Amino acid sequence: MSDTARPIHTPWNALRGFLIGMAELVPGVSGGTIALVTGVYERALDAASSLGGAFKTLVVGPDRAAGFRRRISDVDWWLVVPLLVGMACAILFAAGTVEHLVAANPENARGLFFGLVAASLVVPFRLLPKRKNLAVDIVSFVVAAGVAFFLVGFASSGSIDSPNFVFVFVAAAVAVCALVVPGVSGSFFLLAVGLYSPTLQAVDERDLAYIGVFALGALIGLFTVVRVIRVLLDKYRRMTLLVMAGLMLGSLRALWPWQGGAGSDDGHGALLAPTDPLVPILLAVGGAAVVLILIAVETALTRRRVGEISSSS
């Protein structure tokens with residue numbers, strides 16, 4: 001695509017960013033999946049890689065200023081700027097509404113999120129390379145699921161009232177990894193560690209200190225943790241995807257709709273038997289259906305692009 005043609009697509013890139021931002025607000029719906037469906041996934045990763053390389057050159061490069069200008073000019077700004085603007089608009093204007101709905105209807109919200117995340121397990125399994133060692137695969141998946149299930153048990157409340165900023169920084173760096181692997185939700189990770197509601201509330205109330213720390217952690221994660229995961233996916237793709245799938249499965253403990261403990265209506269305490277299960281179950285089924293539809297659309301678009309490339313070559 002030529003540079004003169006790129007501005008024409010700027011409004012569409014802003015809309016893509018808005019959809020990705022909305023997806024990131026909902027645990028279980030991956031922004032990476034939406035990026036794939038809207039056709040900007042690989043371009044966004046390339047742009048993030050170029051940005052990371054530019055800042056790395058600025059810090060450790062032999063000719064820092066000139067190297068930084070050269071690398072920064074390689075960034076697809078016609079994609080990055082409208083994409084970020086769209087994401088910011090979605091997060092700033094919708095965070096309060098989503099947080100209120102979750103706080104006011106904890107069982108129903110967890111039922112919806114349970115279905116979203118459970119269906120998202122399909123994604124890492126679909127991306128697996130051919131089977132190599134079945135025993136190692138099973139052990140990796142089961143151990144990762146067990147570890148996640150055990151660790152989620154320590155989150156005895158649905159949210160942390162006054163989270164430490166160091167914890168917020170680290171959590172943001174890890175949550176941003178959802179941009180790398182479609183089907184892995186950063187919001188779900190925040191929910192599992194008790195930072196989902198505090199983060200949405202901070203955005204809704206314009207808590208600049210919290211937002212600044214979170215944004216800095218996400219930025220550092222984008223340039224460091226994300227690069228590590230990309231290396232792992234390149235060199236140990238099957239193992240990495242199985243571990244991610246196991247972590248997602250084990251973390252579903254946090255989303256079982258009927259929970260008790262710590263005097264909180266939405267705590268991650270003891271798992272209770274279903275009470276008035278109809279609405280949470282219906283929401284779980286509906287959430288799963290949404291994710292499966294997105295996956296089907298993504299698959300159809302991917303096959304179409306592959307067919308177009310094959311026919312043109």
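Let's start with F18, which sits in helix α1. Helices here are DSSP runs of H or I, at least four residues, numbered from the N terminus. This is a predicted model, where local features need pLDDT of at least 70, side-chain atom pairs count only at pLDDT 80 or more, and totals for chains, interfaces and linings use all residues. Residues are numbered from 1 along each chain as its sequence is written, and side-chain values use heavy atoms, without hydrogens and water.

Back to F18. At 35% relative accessible area, F18 counts as partly exposed. That term lies between buried (under 20%) and exposed (over 50%), with a 1.4 Å probe and protein chains only. Patch residues have over 30% relative accessible area and no salt bridge; nonpolar side chains are joined within 5 Å, like charges within 9 Å. A salt bridge puts a side-chain nitrogen of Lys or Arg within 4 Å of a carboxyl oxygen of Asp or Glu.

Helix α1 covers residues 10–25 and also holds N13. Is N13 buried or exposed? Buried, at 2%. Its side chain reaches the backbone oxygen of W78 at 3.2 Å.

Next, charge. K56, R70, R71 and R227 form a positive patch on the surface. R71 belongs to helix α4, residues 64–72. R71 is partly exposed, at 31%.

Last stop: R238, in helix α14, residues 237–251. R238 is buried, at 14%. What joins the side chains of R238 and D137? A polar contact of 2.8 Å.

Notes:
Areas by Shrake-Rupley, 256 points an atom, 1.4 Å probe, with all protein chains shown as cover. Lys, Arg positive; Asp, Glu negative; His and termini not counted. Charge placed at Lys NZ, Arg CZ, Asp CG, Glu CD. Helix = DSSP H or I, 4+ residues; strand = E, 2+ residues; numbered from the N terminus. Polar contact = N/O pair within 3.5 Å; in protein donor to acceptor, adjacent residues only side chain to side chain.
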